[in-house]
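This report goes through one protein model in short sections. Please keep the sequence and the structure in view while reading.

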Amino acid sequence: MSKKNFNIIELAMKHKQIAAIITSILVLFGVFSLIVMPRNEFPEFTIRQGLIIGVYPGASSEQVEEQLSTKVESFLFGFAEVNREKTYSISKEGMLILFVEVNNNVKDPDGFWDKIKFGLNNLKAELPPQVLALIANNDFGNTSAILLTVQSDSKTYKELDRELKIIENELRKIKAVSKVKHFGLTQEQITIYPDNDKLAYYGVKPMSVLAAAQLEGAVYYGGELDNGELITPIHIPATYNTEEDIKNQIVYADPTGNVIRVKDIARVVREYPKPDAYIKNNGTNSLLISLEMQPSNNIVSFGKTVDEKLQTLKGKISSDVQIAKIADMPQAVGRSITHFLKEFSIAIFAVIIVIMLLLPFRVAAVAGATIPISIFITLGILYVFGIELHTVSLAGLIVVLGMVVDNAIVVLDGHIEKLDHGETPWNAAWKSTKELFVPVFSATMTIIATYIPLVFFLDGMVGDFVGSLPITIGVALITSLLIACLLVPYMSYVFIKKGINKETNKPKKKSLLEFVQKGYDNSLEIMFRIPKTTIFLGITSIVLGGLILALIPRQLFPKVERNQFAVEIYLPEGSTLNQTAFVSDSLEQMLMKDKRVVNVAAFVGTSSPRFHTTYAPNFPAKNYAQLVVNTQTADDAVALLSEYETKYKNLFPNAYVRMKQLDLLSTIAPIEVRISGDNKDTIKAVAQEVKAAMEKNENVIWARTDYLNPRQGVSVQVNDETANRLGLTKGVVATSLAAGFSGIPIGTIWEGDYPVSIKLMNEQQQKNGFDDIANQNVTSPLTGATVPIRQIATSITNDWSEGQIIRRNGTRTITVRADVKRGVLTYKVLTDLKSEIKKLHKAEQVTLTYGGEEESEIENYIPLAKSLLAGVMLIFFILLFQFKNAKLVFLVMMTMPLSFLGAALGLLITGYPFGLTSFLGIMSLMGIVVRNGIILIDYAEELRTKHGMTLSEVAIAAGKRRMRPIFLTSFAAAVGVVPMMLSGSTLWGPLAAVVCFGLLVSMVLTLFMIPIMYQQLFKKNYA
């Protein structure tokens, strides 16, 4: 008796209990994973930007550039990790702001920033001693999960500070919280306002007031008492505990006992200083708390935990303190995930229903059962791999949904065919799987091959965004392949005992699939009579599809669909905070009157923390304000933007109001033209010409440059000889002016853990004009002589300096930016502008480059194209290993361009633009349509080599026989993405449209073109 060899398929059938138990455990783990998986709106992005801030008081923008910016840039550009082209510095009055971009290939940006911080400490020693600070901040890119406002109608900032500490301490107890930050808190200040007339009357020098306050307000070390048995530290209690202590501070005492106190020659008052920026919520001054979440947590659960904590806080804080959310990422993610899961569920049912309608019930039941099994096992594996549940991973599951059933359908189709030819159910089950394993495996690998290169070619934000897609699709397809080969055979044996043609001998009503089959059979025979015409039609479809794709509007990323938008308010450089507040308050009141608006948070003189990954906060400035507006629905946000953009953008004189819908592009403006050169006047002239060209375009709504108008200042020309005779230096003069007009800190009172700073400055009415500067007293630290500035100054006049100087990649650069009207595609406007800009005369030493959306497209479409090419090459080698014939490989790969027409029609019919997800859809098609070619050609080769049929008979028979699995798999995959396509999602709708229409059209073309081309290509070889 010969020993029977069991292959793995038959082995799995024989030991079905093991297979069933393992499958059940994996499915249950997948259900568990779905419940506990971390959730997020988008994949976690690595923010590669950071800031370096240099503080150089008194230096003009030119001095900051020459003495600080160039030095820091030289230091930075010595690091290979720095992306020079995207690193730029802003030199302005007394300050350097340097935006640093780290290269995409840097895997550990935090490690790089540690090196930078260490190096900056050493660099500071080489800079002018007046540079007070040089710090790096790479927290600039952290995104807040939740923004909370804390406000009260009755409490002061000091009282709110106590409430804030309670709230923050409770929120820090949440395990998933990463950082808790607060903004908008104004500390009390004790201000000493000296009276110059009283100082003169009593003969007290201003320096005496400063010295007395500083000495008494300091903390001193009193040493230790050591008596041989005990060491006791000596403490000298702080002199100042209240403002009354400061008032009673003795400034001068004569030998007769007469004393002059601070209160005799100055006004001492406890007050809140005039803020440089503040925050309001729905018209009420507020504090802001930013909550950041630790990575790899479920943000939806995080939001629920925060809500529970806020409920418990109500009993621990005062009843008149209100806490409100102005940015709630957990809620946005929850809505997004729920929406996707709903689409996902509909897609599963849609695919199952289609299978039920097209196949006999038992066959459809087996095929349909593989869908939830594959999906749940996939979810479990993704959870193990650390993949979060977000829009990208869910979109991958929806796209692959129709594909996971394909392998089972092909195997079941082979099983039915075996039954029709008289095989027993057991043999039919394992033999069909064994015979079809190679083509099914190759077909699965070709789809995976289209996505694998994405991991290697894409980096940066798009790489982070797309990264989970290849993993999701790869895991799902391999899982479905294993189920089709190891589980479906036994299920076929149990549930499908008869073939389709042997189910009954009675006349029966023809199914829809049989009608389709009959129509195709007749059409194929007709097409074989006109092979050249058929091939010509196929080539025409490729050309037509390419032309339509070239003409389809382009948009790399759509706008974010969220019930939230921002309003940015810009005033001219030098505008006061009150001027900015007037515009902000007016807009805030207008918006709050609209019933569609739920909440308006105003950031006056500053901007909100980063509450969306790609929406970076603006640097604080008194001429800037930002409103964060929450609406009832996402549709309300879009409607408000469309309505208010034209209504309010130029409503206020000297202010521009910019309505900003959130998007996935991190560009400051959609159109950017960068003019670089060493000659400041030359690049200014070119920038003005470019700006003028932009303003003429009807689709441009705001053209501006980042070059600010020269800033007006005051120049005090000191007579060096006169000043030196009095023992005065320019440093002493500058310090006296700073103390009088901006104030000088002289100490701090601690009331428990609450600090109150002490500051010396002139009264408000004594710092408004040139006369106040001239009358400012200056005291020599050497001679004690006190004189007004007018006695040592030759002139006090206006001067002008650059508002700010920007350097990009170490070269002076002016960027001209433009926003475009809503609904207008940026690249079309830029195309028109380029033709106008080319006509401009510019000097040879001036270079002109483009940023904005065009730069993003170049940075992303080129790697995508490389990835697509690499995927095609992988598919070529997979097919070559299977067929070992270049002609057959060429024939199968011809199915790829046959998908162009369907993809183009999908975008054309649905109205979606061509963007990143459309490109990903085309990549999906490349693999799926090749699967159809593999199934058809593999069977044709089997017929030719084993059954001795003529070439024409083989081609026709292969087409007719493989029509059913190709139709079923393509139709199932197309139906799977229909819910996504109909959802109206501007992000994933284009991908669904491309896949759906591309599959349906390419299926028809493949079923007619490939058999005919097979016959035409090999008629000489096998005649």
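Glu672 and Arg817 are both buried, where buried means under 20% relative accessible area, exposed means over 50%, and partly exposed is in between (1.4 Å probe, protein chains only). The model is a predicted one, in which local features need pLDDT of at least 70, side-chain atom pairs count only at pLDDT 80 or more, and totals for chains, interfaces and linings use all residues. Residues are numbered from 1 along each chain as its sequence is written, and side-chain values use heavy atoms, with hydrogens and water left out.

The side chains of Glu672 and Arg817 form a salt bridge, with 3.0 Å from N to O. A salt bridge here is a side-chain nitrogen of Lys or Arg within 4 Å of a carboxyl oxygen of Asp or Glu. Glu672 lies in strand β20 (residues 671-676) and Arg817 in strand β29 (residues 811-820), so this pair ties together parts that are 145 residues apart in sequence. Helices (H or I, at least four residues) and strands (E, at least two) are DSSP runs, numbered from the N terminus.

## Other salt bridges

Side chains of opposite charge can pair when their charged atoms come close. Over the whole structure, a search finds 43 salt bridges. One of them joins Arg658 to Glu568, with the closest N and O atoms 3.0 Å apart. Arg658 is in strand β19 (residues 656-660) and Glu568 is in strand β16 (residues 564-570), so parts that are 90 residues apart in sequence are tied together by the pair. Both Arg658 and Glu568 are buried.

What separates Arg944 and Glu941 along helix α31? They are 3 residues apart in this helix (residues 916-946), which means a separation of about one helical turn. Arg944 and Glu941 form a salt bridge, and their closest N and O atoms are 3.0 Å apart. Glu941 counts as buried because its relative accessibility is 15%. Elsewhere, a network of salt bridges links Asp413, Glu417, Arg961, Arg962 and Arg964.

Strands of a sheet pair through backbone hydrogen bonds, either parallel or antiparallel. In this model, 4 strands make an open sheet in the order β12-β7-β24-β23, with mixed pairing. Its edge strands are β12 (266-271) and β23 (744-751), each of which pairs on one side only. Neighbouring strands of the sheet are turned by 20° against each other on average, direction ignored. For such angles, axes are lines fitted to C-alpha atoms, for helices over the stretch in contact, and the angles run from 0 to 180 degrees between N-to-C directions.

Two strands count as paired if DSSP finds at least two bridges between them. β23 and strand β24 (residues 754-760) pair in the antiparallel sense over 7 bridges. Opposite Thr748 stands Ser757 in β24.

## Strand β13 and its partners

Tyr278 and Lys280 point one way from strand β13 (residues 278-281), while Ile279 and Asn281 point the other way, and all are buried. β13 runs antiparallel to strand β17 (residues 597-604), to which 4 bridges join it. The bridge partner of Ile279 in β17 is Phe603.

β13 is also joined by 3 bridges to strand β14 (residues 284-293), again in an antiparallel arrangement. Lys280 stands opposite Asn285 in β14. The hairpin of β13 and β14 has 2 residues between the strands, and Asn282 takes a positive phi near 50° there.

## A buried alanine

Ala347 is located in helix α11 (residues 329-358). Its relative accessible area is 0%, so Ala347 is buried. Not counting residues up to four places away in sequence, Ala347 touches Leu401, Gly976 and Pro979, contact meaning heavy atoms within 4.5 Å. Ala347 and Ile398 are 51 residues apart in sequence, and their C-alpha atoms are 7.2 Å apart in space.

## The whole protein

The secondary structure comes to 34 helices and 30 strands. Of the 1023 residues, 55% count as buried. The C-alpha atoms fill a box of roughly 130 × 80 × 60 Å, taken along the principal axes. Among contacts with a separation of 6 or more, 80% come from residues 24 or more positions apart.
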